[in-house]
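Good morning, and thank you for making time for this presentation.

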Amino acid sequence: MTEKPTDYGRLCVGTKEELFARAVALAAAQQVRTTSKVFTWALTGGLTPIEWYDWCVRTRALPPALLAATHFTVSDERHVPLTSEESNFGHATRHLLDPLGVPSTQRHPWPVRAVPAVAADTYRSTWAALAGPGYAYDVCFLGMGDDAHTASIFPGSPLLSPDSTLELFTALDTSKGPRLTITPVGLRACGLIVVMTLGAEKSPALKHIFAGPYDPPKTPAQILKTCADRVVWLVDEAAAKEIWPRMS
């Protein structure tokens with residue numbers, strides 16, 4: 001694995017197995033250095049996290065001490081039942097939390113049975129009681145779409161405007177339907193952010209982020225520049241092909 005600091009966080013390029021193992025190591029190290037009463041870890045959605053969940057279960061990669069200490073949630077969620085194949089927390093439940101026997105008291109899905117606005121209010125209150133006011137997650141996992149969106153912050157999102165919400169978490173309507181998501185303010189209130197991005201189809205978006213002009217309304221993942229000291233990008237060689245040679 002090769003690493004390099006960038007304006008958007010530390011960029012780590014390696015094989016899938018290396019990146020999967022590094023994700024575990026980063027979370028475990030963050031848990032050791034965390035002094036709060038609880039350790040909170042927000043997972044994310046997409047195909048790569050599902051593959052990582054299955055790898056964690058198959059290889060028993062997550063240390064028992066880490067599992068015992070961790071309260072799990074997701075950094076964003078579709079407003080669908082947890083049983084839906086579109087539910088981010090549903091995927092985490094079926095592929096990671098259930099197989100590993102994580103107790104229900106350490107699982108904190110977004111309350112999707114309520115209408116989006118009420119769900120966001122309820123989640124904010126629950127999370128403030130768990131993690132403390134003004135704090136998001138000890139570890140926040142994110143993915144990145146082909147359009148450079150991250151969490152449910154899409155190009156043109158009102159969350160990227162100067163007068164956007166000051167809340168850590170919110171509900172909003174998107175082109176993909178109603179979503180519940182961490183906000184840019186919430187990202188800046190995380191202890192560690194890990195962005196896992198694999199596959200050649202992500203290469204153009206990464207090029208826009210790392211080599212293009214700073215324009216978060218068009219390239220939302222660039223908002224991570226505002227908290228780059230706490231961001232680690234885990235990128236395979238296929239995704240990094242258009243940026244890595246010029247950064248080496």
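First, the basis of the work. This is a predicted model, in which local features need pLDDT of at least 70 and side-chain atom pairs count only at pLDDT 80 or more, while totals for chains, interfaces and linings use all residues. Residues are numbered from 1 along each chain as its sequence is written, and side-chain values use heavy atoms, with hydrogens and water left out.

Let me turn to the largest pocket. A pocket here is an open set of points on a 1 Å grid over the protein atoms alone, where a 1.4 Å probe fits and where protein lies on both sides within 12 Å along at least five of seven lines; lining residues have an atom within 4 Å of a point. The volume of the largest pocket is about 580 Å³, taken as the space filled by probe spheres set on the points, which are joined across faces, edges and corners. Its lining consists of 28 residues, and Gly45, Gly46, Leu47, Arg78 and His149 lie nearest the centre.

Which elements each supply at least two residues of that lining? They are α2 (47–59), β5 (76–78) and α4 (88–100). Helices (H or I, at least four residues) and strands (E, at least two) are DSSP runs, numbered from the N terminus. The largest share, four residues, comes from α2. By class, the lining holds eight nonpolar, ten polar and ten charged residues; Ala, Val, Leu, Ile, Met, Phe, Trp, Tyr, Cys and Pro count as nonpolar, Asp, Glu, Lys and Arg as charged, and the others, Gly among them, as polar.

Next, helix α7, which spans residues 203–211. Ser203, Ala205, Leu206, Ile209 and Phe210 are buried there, meaning under 20% relative accessible area, where over 50% is exposed and the range between is partly exposed (1.4 Å probe, protein chains only). These residues lie on the same side of α7, because they cover an arc of only 155° around the axis, an arc taken from the directions from the helix axis to the C-beta atoms.

I now come to residues in the strands. His71 is located in strand β4 (residues 70–74) and counts as buried, at 15% relative accessibility. Its side chain makes a polar contact with the side chain of His108 at 2.9 Å. A polar contact is a pair of N or O atoms within 3.5 Å; within protein, one must be able to donate a hydrogen and the other to accept it, and residues adjacent in sequence count only if both atoms are side-chain atoms.

Ile182 belongs to strand β8 (residues 177–182) and is buried, at 0% relative accessibility. Leaving out residues up to four places away in sequence, Ile182 touches several residues, including Trp110, Tyr137 and Phe169, where contact means heavy atoms within 4.5 Å. In strand β7 we find Thr170, which is buried at 13% relative accessibility. Trp110 is also among the contacts of Thr170 beyond four places in sequence.

Finally, two loop residues. Arg60 sits between α2 and α3 (64–69), with phi near 55°, a positive value in a residue other than glycine. Ala148, between β6 (139–142) and β7 (169–174), has a positive phi near 70°. Is each of these exposed or buried? Arg60 is exposed at 76% relative accessible area, whereas Ala148 is buried at 3%.
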